[in-house]
Protein chains: 2
Amino acid sequence: MRYAVIGVGGVGGYYGGKLARIGKDVHFLFHSDYEYVLEHGLRVDSCDGDFLLPHVNAYERAADMPQCDVVLVALKTVNEQLLKELLPPLLKDDTLVVLIQNGVGVEQDVQQWFPDVALAAGLAFICSAKAGPGHVNHQCYGSINIGNFSCPDPRRVDAVLDDLHAAGIEAANVEYHEARWKKAVWNMPFNGLTVTLDTQTDQLLANPATERLVRDMMMEVVGAARALGVPHVDEPFVEKMMAMTRVMTPYSPSMKLDFDFHRPMEIEYIYSRPIAIARQAGFHMAKLEMLEQQLRFLMKKELK
Amino acid sequence: MRYAVIGVGGVGGYYGGKLARIGKDVHFLFHSDYEYVLEHGLRVDSCDGDFLLPHVNAYERAADMPQCDVVLVALKTVNEQLLKELLPPLLKDDTLVVLIQNGVGVEQDVQQWFPDVALAAGLAFICSAKAGPGHVNHQCYGSINIGNFSCPDPRRVDAVLDDLHAAGIEAANVEYHEARWKKAVWNMPFNGLTVTLDTQTDQLLANPATERLVRDMMMEVVGAARALGVPHVDEPFVEKMMAMTRVMTPYSPSMKLDFDFHRPMEIEYIYSRPIAIARQAGFHMAKLEMLEQQLRFLMKKELK
């Protein structure tokens, strides 16, 4: 199977790098790092063991890339529109596009742009960030859940899982809606609150007021999932996420890093879309809507 | 009529100073400014005309003050407990205590400590702050609404209004609950949001996301007032407050100043109390509760 990786940051660089390392045919689309990677290769510092890929199939333009069986999209969703240009050269009849992205609603948008393409969601549970040109720093975790969205042949999803397993990655096949909304349980409180309160996960849980606020927000996601008929997004899962976060190293979610480094935040797919979808189903995520409103204010203030 | 002023900051210094200026018998309780005022008097720089009171009845301890007909309390509510010590020396059988303070619930607490005392609420619409020792800077506005809470003889309230009018202050007699909750319509969104988003009133209304958030929060106060049966706190009043704020000079509410100057914030009476009262009446102020949770986090963070 031939792989393409679009968006070679902490996430795309790690999963693509792990596949390339075991000899899979992986083609990476680089942006500003292209020249650097040609010369120095792709370096992954990982808690599971550092490695360097001296020669990777590196491209500067999607138009130069070959058609692929699997496209791993690990772009920030703030650049989602770019897929309209970047995907077509890579697609053949049976390409599976895996959107390893945050939030809710990305598959629906991409499917609208490419009605016939087979899509799956990738939910990465990983702490990994770009450390420099062609250089990924993978700190901890690393498992990925794949949820089939519109792939008519489930064996194509299984084949990707097999390759990920072969590369030493913990990967599981999960129900699409459940996977997206379960991830939202953690993502929605922590991404925005670490930004608005300029803090990290551990501090939010150490203070009784924000510990309650985080749980209130997680329960709003549960309420939304319930209204949408998505199963297994429930109070026990909320308690599991709270307990998991309590034992995590103090953590700055991706939105906090984006804000601190003056990059655009993924407000649209992490907040606006799920809030709108829940509202259509009759559930009002009041506190998460307020967080969205605060983030939109901070984003504009930041741009000034 | 003999007046006492407890809490001689931007508010107490202004109203007390205006009364003393026209020859009313006003007795001021000072804290750190006592020595300075003895020597230099009390200075009020005001948009209505500056004035200096070279000799005021200044005290350092409440125990040294005479019994008074009217006590104007302009303490920050974070110091509410002090009233247990400060009020008794000033009280006689028919003393009227006017609580010129922010929030909801202060009269209920003070009444519990002093079951027989006649209380009224004072709602000041004023931009005024302490500029230095014995020095008040009154920037604009200045009207005050008085709402009778437990004064058996309404003429005692009218007498205070007469004196305020004589001193050149716009003052009105208003229904107690309506007055407190109407003030909450403005206070609850703007005090906390200017803190959590580090901004001023004009910026909150200039951004569409926070303009909606401010209105959402005002409507939560309307919902609470409705659940409590408080009249005239309605959508037209919300629109009036929005319009009024839009034409105001960019403004930092008192809580923002308190936060910026590392002073305790009046979270208890401006947020926790009205939110709890509304909840008991069956109305959940979700976004304002979230603001309270964020403020409690910031307060603790600040203290570190």
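Modeller: Ground rule before we start: two strands pair if DSSP finds at least two bridges between them. Strands here are DSSP runs of E, at least two residues long, and helices are runs of H or I, at least four long, numbered from the N terminus. This is a predicted model, where local features need pLDDT of at least 70, side-chain atom pairs count only at pLDDT 80 or more, and totals for chains, interfaces and linings use all residues. Residues are numbered from 1 along each chain as its sequence is written, and chains are lettered from A in the order in which they are written.

Biologist: Fine. What makes β1(B) and β6(B) a pair?

Modeller: Four bridges join β1(B) to strand β6 (residues 70-73) of chain B, and the cut-off is at least two, so they pair. The two run parallel, with B:Val5 opposite B:Leu72.

Biologist: And how do you know that β1(B) pairs with β2(B)?

Modeller: By the bridges again: five of them, to residues 25-29, also parallel. B:Tyr3 has B:Val26 as its bridge partner there. Between β1(B) and β2(B) the chain passes through helix α1 (residues 10-21) of chain B.

Biologist: What makes β1(B) mostly covered?

Modeller: Four of its five residues are buried, meaning 20 or more other C-beta atoms lie within 10 Å of a residue's own, placed from the backbone (exposed: 12 or fewer; partly exposed: in between).

Conventions
Right-handed = clockwise from strand over helix to strand, strands pointing away.
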